[in-house]
Amino acid sequence: MSSQRRVVLQLYRELLFMGREYPMGFLFFRERLRKVFQKNKTVEDYEQISNLIKRGNFVIKELEAMYKLRKYRTLKKNYYEDS
Amino acid sequence: MSRRILVGCKRVIDYAVKIRVKPDKTGVVTEGVKHSMNPFDEIALEEAIRLKEKKIASEIVVVSCGPSQCQETLRTALAMGADRGIHVEVPNPEYEGLQPLAVARILQRLSEREKIDIVILGKQAIDDDCNQTGQILSGMLDWPIGTFVSKVEVEGERINLTREIDGGLEEISVGIPCVITADLRLNEPRYATLPNIMKAKKKKLDVCKPGDLGVDITPRLIVVSVEEPPVREAGVKVEDAQSLFDVLKKEGHFN
């Protein structure tokens with residue numbers, strides 16, 4: 001159990017870090033993040049927690065992809081006329 | 001291969017920030033504004049990291065010139081995969097007058113001192129949009145240069161580069177040592193994750209001054225005035241096709 005607790009806390013920290021760049025603002029992101037973590041705080045089943053951790057890591061990847069695309073699009077719009 | 005790559009990482013106002021011009025028209029507001037690494041430099045760094053992963057290079061040195069906050073930019077670069085950083089300290093207000101000529105001179109001295117084989121830079125920075133540093137540096141070092149590069153292939157002692165030019169692509173081959181400036185389509189830079197940023201804190205980061213390198217950074221150009229782009233004018237509503245035609249004719253769109 002305690003090892004999972006550490007993983008979950010680390011996940012929360014990493015998600016907070018990813019939220020700094022969120023287009024609708026960090027505060028908006030943090031509030032949502034807290035809500036989803038709180039929603040699942042009563043989950044105790046090992047398997048279920050593992051699945052939630054997996055989902056959290058998936059969200060990190062999704063955010064990364066979104067930021068990359070957003071940056072690429074902004075640059076393309078600003079610097080390349082044919083877009 | 002023990003080739004060393006130097007990558008320039010400029011700290012610029014973040015691409016997503018709405019730029020505001022200072023009321024006295026001497027520049028743009030930078031205080032309290034989010035900064036990040038110049039996106040074209042990120043692309044340059046990503047390419048260097050890929051060359052290292054392919055064992056074509058052995059070490060990546062990242063450089064940033066500017067105030068102390070540049071060290072954050074260098075940390076990001078180290079987190080992405082660079083090996084060590086050099087911060088050339090240029091405090092404000094000198095930094096505001098730092099121009100491509102001086103930066104190129106700094107990079108030249110560092111390339112010589114660190115025994116660099118390949119310099120990779122972003123084609124331009126998104127703040128001043130100069131697009132000069134790589135070109136000037138290539139001249140100073142007397143090394144070949146590939147600008148606006150969208151593909152890099154190393155073949156023995158030569159590098160085949162694909163350049164984005166007006167209306168098409170150009171393929172060139174340059175010898176090593178050389179300078180490369182990265183275009184947008186070269187690659188997709190990786191994201192500096194939190195665990196990697198933590199690990200990067202252990203990497204080496206040297207600090208020096210332009211004077212230590214024997215570089216005079218006195219500006220050669222004077223910024224006369226910085227102004228906002230013209231505001232888009234309001235449109236007009238027209239009643240029917242005839243009045244639309246009349247308006248367009250008045251504006252000179254028909255003969």
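Two strands are said to pair if DSSP finds at least two bridges between them. By that rule β7(B) and strand β8 (residues 158-165) of chain B pair in the antiparallel sense, over six bridges. The model is predicted.

**Annotated region of chain B**
- An unreviewed UniProt entry annotates residues 25-217 of chain B as "domain: Electron transfer flavoprotein alpha/beta-subunit N-terminal".
- Over residues 25-217 of chain B, 29% of the chain is helix and 31% is strand.
- The C-alpha atoms at the ends of residues 25-217 of chain B are 23 Å apart.

**Strands of chain B**
- Ile145(B) has Val179(B) in β10(B) as its bridge partner.

**Asp183(B) in its loop**
- Asp183(B) belongs to the loop of chain B between β10 (178-182) and α5 (194-200).
- Asp183(B) counts as buried because its relative accessibility is 2%, and buried means under 20%.
- Beyond its neighbours within four places in sequence, Asp183(B) is in contact with residues including Tyr80(A), Phe40(B), Lys123(B) and Glu164(B).
- Arg185(B) lies over the face of Tyr80(A), at 4.8 Å from the ring centre.

**Aromatic rings**
- Five aromatic pairs are counted over all chains.
- One of the pairs is formed by Tyr22(A) and Phe29(A), whose ring centres are 5.1 Å apart; their planes are at 50 degrees, so the pair is tilted.
- Tyr22(A) is partly exposed, at a relative accessible area of 23%, whereas Phe29(A) is buried, at 9%.
- Tyr79(A) and Phe40(B) form an edge-to-face pair, 5.6 Å centre to centre and with 80 degrees between the planes.
- This pair joins two chains, because Tyr79(A) lies in helix α3 (residues 46-79) of chain A and Phe40(B) in helix α1 (residues 39-53) of chain B.
- Tyr79(A) counts as partly exposed at 23% relative accessibility, while Phe40(B) counts as buried at 0%.
- Ring pairs also link Tyr22(A), Phe28(A) and Phe29(A) into a cluster.

Methods. Residues numbered from 1 in each chain as written. Chains lettered and ligands numbered in written order. Predicted model: local features only at pLDDT ≥ 70, side-chain atom pairs only at ≥ 80, totals over all residues. Heavy atoms only, no water. Helix = DSSP H or I, 4+ residues; strand = E, 2+ residues; numbered from the N terminus. Buried < 20%, exposed > 50% of the residue type's maximum accessible area, 1.4 Å probe, protein only. Contact = heavy atoms within 4.5 Å. UniProt positions renumbered as here; feature names shortened; annotations may be inferred. Phe/Tyr/Trp six-rings, centres within 6.5 Å; stacked < 30°, edge-to-face > 60°. Lys NZ or Arg CZ within 6 Å of the ring centre and 35° of its normal.
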